[in-house]
Each structure stands twice: as C-alpha cells, then as structure tokens.
Amino acid sequence: MRWSVVDSPVGQLSLAADDAGLCRLRFGAVEGVELTPPAGVLAAAAEQLAGYFAGELTDFDLPLSVQRGSEFERAVWQRMTTIAYGETETYGEVAAVVGDPGAARAVGVACNRNPIAIVVPCHRIVGAGGKLVGFGGGLPAKRFLLELEAGVAWQRAWATA
C-alpha cells in the first residue's frame, strides 16, 4: 500500500492506494507509514479532491479498492455512493434502503468504518430531522462538506434556471 498526505480545507487527508485503486482516505496525517509523493491513483485522487474542494467536481471518478467490511457495511457504503451531491439521507432511511429498517445505529457504525471518506460520501448521512451527528472527521468537517455541496448545488441550479 502506498500512502500520501494532502492538504485540504478540512485539514490534512491521508490517502492510500493498492494495485487495484484508492483504498483509504482518512482525516489527518497518518503516522508510522512511509509517505510517497502522489503518483498514479494517489495523484488522481489528490487532483480530484482539489477540484471537489474548489466546487468544480461533484462526482469522483477513481478506481476504488475495498477489501474489508461485512455484507451490511458494504451495502451501506454502496448506498452512500448513490446519494446525490448536495443531498442527504438519514441513518434510518439508509437502513431501510439496505433492507434492515431497524438498523439506523448499525448504519452509523458502518459510516464510522467507511475506509474511503469523502469519495464514498458518509458525510451525506445525517441524523433524524437533519441533525449533524457523528462523523470520523469531526462535526465541523461534516458541516463544511455539506455546506460546500449545498452551496455549489444551489449555484448550479440557479445558473441553469
């Protein structure tokens, strides 16, 4: 696995790739691993993240490599990728979509275990009534990501009206 760290408006992000694709995106600098300059998938991820934070990119196009996770977690992570840019769903809504309406807390655990934050947008899952609850990158980062997306989505909607 190759690791790089990139700067972003929500702090440093640690990116990791294996031979199949991007396999980790974590908040903060990773410790205890050798860092490499971004190349290949890591360079593409860094470039797309820069576009995302600039409000220019709304859909990531990266090969992903997810080697872990229970069947339920993988279903939740897959559902995350279908939540539109600038939109949110509640933990309960996601639980119902993946087939276990009573598993809202388990959706929260799956969000916490999401290995590829931002690209697999766990920040788009919110608590009942739209409450900002639980986020591995911290609630200020979650708020920032949701506000960024809402603002860009609003600007794009009005630009075409």
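Is Leu146 buried or exposed? Leu146 is buried, because its relative accessible area is 16% and buried means under 20%. The views below come from a predicted model.

**View 1. Leu146 and its surroundings.**
Leu146 has its place in helix α5. A relative accessible area of 16% makes this residue buried. What does Leu146 touch, leaving out residues up to four places away in sequence? The contacts are Thr88, His123, Arg124, Val126 and Leu132. Gly86 also belongs in this view. Along the chain, Leu146 and Gly86 are 60 residues apart, but their C-alpha atoms are separated by 6.7 Å.

**View 2. A sheet of 3 strands.**
The sheet is open, and its strands follow the order β1-β2-β3. The pairing is antiparallel. In general, strands of a sheet pair through backbone hydrogen bonds, either parallel or antiparallel. Which strands stand at the edges? They are β1 (2-6) and β3 (22-27). Each has a single partner strand, so one side of each lacks a neighbour in the sheet. From one strand to the next, the twist averages 20 degrees.

**View 3. Strand β2 and its two partners.**
Start with β1. It runs antiparallel to β2, and 5 bridges join the two strands. Ser4 has Leu15 in β2 as its bridge partner. The strands β1 and β2 form a hairpin, with 6 residues between them. Gly11 sits in the turn and has a positive phi of about 100 degrees. Now turn to β3. Strand β2 (residues 13-17) is joined to β3 by 5 bridges, and this pair runs antiparallel. Here Leu15 stands opposite Leu25.

**View 4. Helix α1 across the sheet.**
Helix α1 covers residues 41-53. Which strands does α1 lie across? The helix lies across β1, β2 and β3. Its direction is at about 145 degrees to β2.

A search of the whole structure finds 6 aromatic pairs. One of them joins Tyr52 and Phe60. Their rings are 5.4 Å apart, centre to centre, with 35 degrees between the planes. This pair is tilted. Both Tyr52 and Phe60 are buried.

**View 5. Two tryptophans on helix α5.**
Trp154 and Trp158 both lie in helix α5 (residues 139-159). They are 4 residues apart, about one turn of the helix. Why is the pair of Trp154 and Trp158 called tilted? The ring centres are 6.1 Å apart and the planes are at 50 degrees, so the pair is tilted. Planes under 30 degrees apart would count as stacked, and over 60 as edge-to-face. Trp154 is exposed, with a relative accessible area of 55%. Trp158 counts as exposed too, at 55% relative accessibility.

**View 6. The largest pocket.**
Rolling a probe the size of a water molecule over the atoms shows where empty space is left. The largest pocket has a volume of about 480 Å³. How many residues line the largest pocket? The lining has 24 residues. Those nearest the centre are Cys111, Asn112, Arg113, Asn114 and Gly136. Strand β3 and the helices α2 (71-80) and α4 (104-112) each supply at least two residues of the lining. The largest share, 4 residues, comes from β3.

Conventions:
Residues numbered from 1 in each chain as written. Predicted model: local features only at pLDDT ≥ 70, side-chain atom pairs only at ≥ 80, totals over all residues. Heavy atoms only, no water. Phe/Tyr/Trp six-rings, centres within 6.5 Å; stacked < 30°, edge-to-face > 60°. Buried < 20%, exposed > 50% of the residue type's maximum accessible area, 1.4 Å probe, protein only. Pairing = 2+ DSSP bridges. Axes fitted to C-alpha atoms, helices over the stretch in contact; angles between N-to-C directions. Contact = heavy atoms within 4.5 Å. 1 Å grid on protein atoms, 1.4 Å probe; cavity = no way out; pocket = protein on both sides within 12 Å on 5 of 7 lines; lining within 4 Å. Points joined across faces, edges and corners; volume = space filled by probe spheres on them.
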